[in-house]
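Me: I am new to this structure and would like to understand the words used to describe it. Could you show it to me, and then take my questions in turn?

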Amino acid sequence: MTIYNNQLQLVLFDANDIPGLIDLSDSVGWDYDESEIKTVMMSGKIFGHKNAEGEIVSSAAIITYDTNLASIGMVIVHENYRGLGLGKLATQKCIESVSEHTAILLVATKDGEPLYKKMGFTTVDYVHKYLTENYIGAHNLASNEYAIEDFNENDFAEIVSLDAAAFGDKRSNFLRNRIKQSKHCVVVRDHQANIIGFGLSILGPINLILGPIIAPDSKTASLIINTITKNHHGKLRIDVPSGHAEFIKWIEQSGFTEANRPPIMILHAEKMPTRNNTLFAIAAQIFG
């Protein structure tokens with residue numbers, strides 16, 4: 001079957017396209033569901049191609065944060081439409097949708113990495129993707145130093161500030177959407193009742209996704225994980241930025257296995273945004 005590019009239309013997707021985007025995600029074995037795609041749409045834009053019959057055959061999403069940082073993900077091309085440059089065109093559309101002064105992050109798949117290099121992205125770090133079906137969190141982690149509580153709307157401003165220092169940009173719109181989507185969102189308070197950390201879990205169709213997790217140290221990050229995984233029986237996923245050797249040792253002892261270590265790449269910047277080493281788990285690869 002010969003497919004011509006002029007039969008394909010590059011469009012901005014909206015809520016009516018969610019079922020087609022789920023089908024596209026399924027076609028490559030990814031697990032985007034309706035609530036995840038809604039969060040992506042409310043936090044950014046999804047572009048891609050439709051064929052003459054109106055079926056979605058490619059996608060790429062860009063999430064914009066509050067000042068000068070964005071993240072690209074969900075770059076998918078249906079296997080019947082590969083080799084036509086659709087992934088590049090959709091990604092280029094994402095790049096063009098923001099200012100050239102906006103640094104753009106992405107976590108690359110093995111297949112995507114050569115394309116992104118050609119487009120000018122450079123590798124600046126790695127993320128460790130961990131999975132488990134048998135989480136055995138340590139139960140000797142009880143802490144008298146801190147109190148862990150469910151998130152309250154009054155906590156939001158403090159969470160945004162903590163996240164900005166950890167991630168490298170403010171993400172108020174994204175965090176509001178992600179908290180609404182979350183199964184659990186907890187905060188950690190010190191003796192003075194200041195919030196010093198927080199964590200979310202998102203229930204996807206396959207995994208309970210843990211992140212973002214922001215904490216002053218690996219023990220507090222472990223406490224957060226124990227709290228947000230309580231009574232969950234099933235698969236867990238966590239994506240850990242590099243530089244957390246002690247924490248990685250703990251999660252491996254807790255039953256997690258490293259699935260892969262994809263590169264974090266950046267465009268319009270020389271290096272990662274300044275981070276304070278308190279980000280123990282990213283929200284998901286699409287969100288940088």
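Me: Which residue of β11 is the bridge partner of Y130, and how do you know that the strands concerned are paired?

Reply: The bridge partner of Y130 in β11 is I238. Helices (H or I, at least four residues) and strands (E, at least two) are DSSP runs, numbered from the N terminus. This is a predicted model, in which local features need pLDDT of at least 70 and side-chain atom pairs count only at pLDDT 80 or more, while totals for chains, interfaces and linings use all residues. Residues are numbered from 1 along each chain as its sequence is written, and side-chain values use heavy atoms, with hydrogens and water left out.

Me: What is the bridge partner of L210 in β11, and in which sense do β10 and β11 pair?

Reply: L210 has I238 as its bridge partner in β11, and β10 pairs with β11 in the parallel sense over 4 bridges.

Me: What makes β11 largely enclosed by the rest of the structure?

Reply: Buried means under 20% relative accessible area, exposed means over 50%, and partly exposed lies in between, with a 1.4 Å probe and protein chains only. In strand β11 (residues 235-241), 6 of the 7 residues are buried, so the strand is largely enclosed by the rest of the structure.

Me: How do you know whether I251 is buried or exposed, and what does I251 touch?

Reply: I251 belongs to helix α8 (residues 245-253), and its relative accessibility is 0%, so I251 counts as buried. Contact means heavy atoms within 4.5 Å, and, leaving aside residues up to four places away in sequence, I251 touches Y130, I225, I238, V240 and F256. I251 and I225 are 26 residues apart in sequence, with 9.6 Å between their C-alpha atoms.

Me: Why is β13 called largely enclosed, and which strands pair with β13?

Reply: In strand β13 (residues 263-267), 5 of the 5 residues are buried, so this strand is largely enclosed by the rest of the structure. P263, M265 and L267 point one way, whereas I264 and I266 point the other way, and all are buried. Strand β5 (residues 103-107) is joined to β13 by 4 bridges, in an antiparallel run, with I266 as the partner of L105. Strand β6 (residues 122-132) also pairs with β13 in the antiparallel sense, over 4 bridges, and there D125 stands opposite I264.

Me: What marks out H268 and N277 in the loop between β13 and β14?

Reply: Most residues other than glycine have a negative phi, and most peptide bonds are trans. H268, in the loop between β13 and β14, has a positive phi near 70 degrees, and N277, which lies in that loop, likewise has a positive phi near 70 degrees. The relative accessibility of H268 is 37%, so H268 counts as partly exposed, and at 48% N277 also counts as partly exposed.

Me: Why is T278 called buried?

Reply: T278 has a relative accessibility of 15%, so T278 counts as buried.

Me: Why are α2 and α6 called roughly antiparallel?

Reply: Axes are lines fitted to C-alpha atoms, for helices over the stretch in contact, and angles run from 0 to 180 degrees between N-to-C directions. Angles under 35 degrees count as roughly parallel, over 145 as roughly antiparallel, 65 to 115 as roughly perpendicular and the rest as oblique. Helix α2 (residues 34-43) and helix α6 (residues 172-181) pack at about 160 degrees, with axes 9 Å apart, and they are therefore roughly antiparallel to each other. In this contact S35, E36, T39, M42 and S43 of α2 meet N173, F174, N177, R178 and Q181 of α6.

Me: How do you know how α1 is oriented to α2?

Reply: The axes of helix α1 (residues 18-27) and α2 cross at roughly 115 degrees and come within 10 Å, which makes α1 roughly perpendicular to α2. I18, L21 and I22 of α1 make the contact with E34, I37, K38 and M41 of α2.

Definitions and conventions:
Two strands pair if DSSP finds at least two bridges between them.
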